[in-house]
Amino acid sequence: MDLARTDFYLDGQWVAVGPGETVAVRNPATEEVIATVPAGTAADVDRAVAAARAAFPGWADATPADRAARLDRLHTALRARADGIARTVALELGTPLKVATRIQAGLPLTVLHSYVELAARPPADETVGNSLVVREPVGVVGAITPWNYPLHQVVAKLAPALAAGCTVVLKPSELTPLTAYLLFDAIHEAGFPPGVVNLVTGTGPVVGEAIAAHPDVDMVSFTGSTATGRRISHLAADRIARVALELGGKSANIVLDDADLATAVKVGVDNAFLNSGQTCTAWTRLLVHRDRYDEALGLAARAAEGYRLGDPFDPATRLGPLVSAAQRDRVLGHVARGLADGGRLVAGGPDAPLPERGFFVAPTVIADVDPDSALAQEEIFGPVLAVIGFDDEDEAVAIANNSRYGLAGAVWSADGERALRVARRMRTGAVDVNGAPFNPLAPFGGYKQSGLGRELGRHGLEEFLQVKAIQR
Ligand code: NAD
């Protein structure tokens, strides 16, 4: 299978890129290079932004029914490619195929479908005294996305931006660009007007910065690390461009004394290790009442040891590799530091057996973690769970909120009202009570250094609108 691509999607067509720099894409399970894609330049970004700018007036004026119909066609075209998408994510990221099918391919289809409906029914005009308050699309959106959910994070920006009437220039992560090419094949088939959606691949410092700093980009919608989010904010601030930021997390899973411990720990470990722990909302701090602490450690260790690591295409595999050698080395550095800082290894760790090839890290559980230590404070982005004890509800909430992040969290109790009370006290953009299911229509985003703005559902659409008051 030849996966290499040599083109960008600009102004409604695939445009061959002349010979030049490329980015190599590696299969993290085999460590082999599987494809190259072009490394774009600032001049490529200029072309893409010019196309998006020229397309904006027409797309902004399209009727809600027209925009909904195009998104519906995109949904159909993407659904037809779902198997290829799952396989591509398994290849370029290493997510086990079973998980990739359900989440990496399935979730974006659900999200896209939700925006077919939301595009058809945009927020109505309001009357405030003698003012008519109307909402208009922000303009040209630069979308910059990470590698850990390579299609979902793109769709979570593209679908609401297009539904709102904005035009888009996308730069996917250089580690996982192949999935974006499949999306743009579907976009081409769906037949958007030329320039409405554009793709330029390449590195963050070149293509990403050119988008973030471009005078004709009205809004930058970014998902990635807090450090890059800060850099993008600085670049956008020079021209007062709007930014939406979905950044890192260090979410706490609070298990109160009256919780169903077996379920709370099992679901908690699964959550922490989903996608090899490369999930921004992962509950990476397990907070357990001291009366049940030892029992919880035993359950967590057994759950971690039950994971089968290996080939993402083997149906028995539950945990794939990390995305890159650099990511693996970073995660192992965090584990070593956590143990040096007084953490107690109860599962996994640097000496656990691993597949011969691939950027694997064993599912690791570390107990007695000091809530102020690096292991409890830094986002690790690997299959590493820190366990911390508490004596009462107040202490649990204080530990949970002792973080510069505020993306997600969880609370478990047999008493639903008690759990809700604790959930309200957690300073995060989302909290799941007793393992409640993910809601693709609920606002998604962070408090504190986890970000600005919200994605998904109606709130996600409103990020791409601005408000005008017309007095009469
Ligand atoms: P990253 O910040 O390194 O890269 C994200 C994207 O930004 C990539 O496309 C990259 O090329 C680009 N980029 C890098 N430097 C840039 C620069 N100077 N200017 C413009 N663009 C630049 O993040 P990553 O390693 O790809 O992803 C992992 C991080 O993403 C984690 O911190 C994780 O928590 C976060 N994340 C957050 C969410 C969320 O919704 N909150 C979701 C997924 C991932």
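How much space lies in the second largest cavity? About 50 Å³ is found there, where a cavity is a set of points on a 1 Å grid over the protein atoms alone at which a 1.4 Å probe fits but cannot get out. Grid points are joined across faces, edges and corners, and a volume is the space filled by probe spheres set on the points. The structure is a predicted model, in which local features need pLDDT of at least 70 and side-chain atom pairs count only at pLDDT 80 or more, while totals for chains, interfaces and linings use all residues. Residues are numbered from 1 along each chain as its sequence is written, and side-chain values use heavy atoms, with hydrogens and water left out.

The largest cavity has a volume of about 80 Å³. It is lined by 15 residues, and those closest to its centre are Lys250, Arg285, Ala400, Tyr405 and Thr428; a lining residue has an atom within 4 Å of a point. Helix 13 (393–401) and strand 17 (405–406) each supply at least two residues of this lining, with helices (H or I, at least four residues) and strands (E, at least two) taken as DSSP runs numbered from the N terminus. The lining of the largest cavity divides into 6 nonpolar, 5 polar and 4 charged residues. Here Ala, Val, Leu, Ile, Met, Phe, Trp, Tyr, Cys and Pro count as nonpolar, Asp, Glu, Lys and Arg as charged, and the others, Gly among them, as polar. Among the residues lining the second largest cavity are Lys250, Thr279 and Glu379, and its lining holds 4 nonpolar, 4 polar and 2 charged residues.

Turning to the open spaces, a pocket is an open set of points with protein on both sides within 12 Å along at least five of seven lines. The largest pocket has a volume of about 1200 Å³. Of its 46 lining residues, Asn271, Leu274, Thr279, Thr281 and Phe438 lie nearest its centre. Helix 4 (97–120), helix 5 (152–164) and helix 9 (261–273) each supply at least two lining residues, and helix 4 gives the most, with 5. By class, the lining of the largest pocket has 25 nonpolar, 14 polar and 7 charged residues.

An N or O atom in the side chain of Trp147 is 3.0 Å from an oxygen atom of the ligand. For the side chain of Glu174, the distance from an N or O atom to a ligand oxygen atom is 2.6 Å. A nitrogen atom of the ligand lies 2.6 Å from a backbone N or O atom of Leu247. Taken alone, the ligand exposes 850 Å², of which the protein buries 88%, with accessible areas from the Shrake-Rupley method with a 1.4 Å probe.

Technical notes: A polar contact is a pair of N or O atoms within 3.5 Å; within protein, one must be able to donate a hydrogen and the other to accept it, and residues adjacent in sequence count only if both atoms are side-chain atoms.
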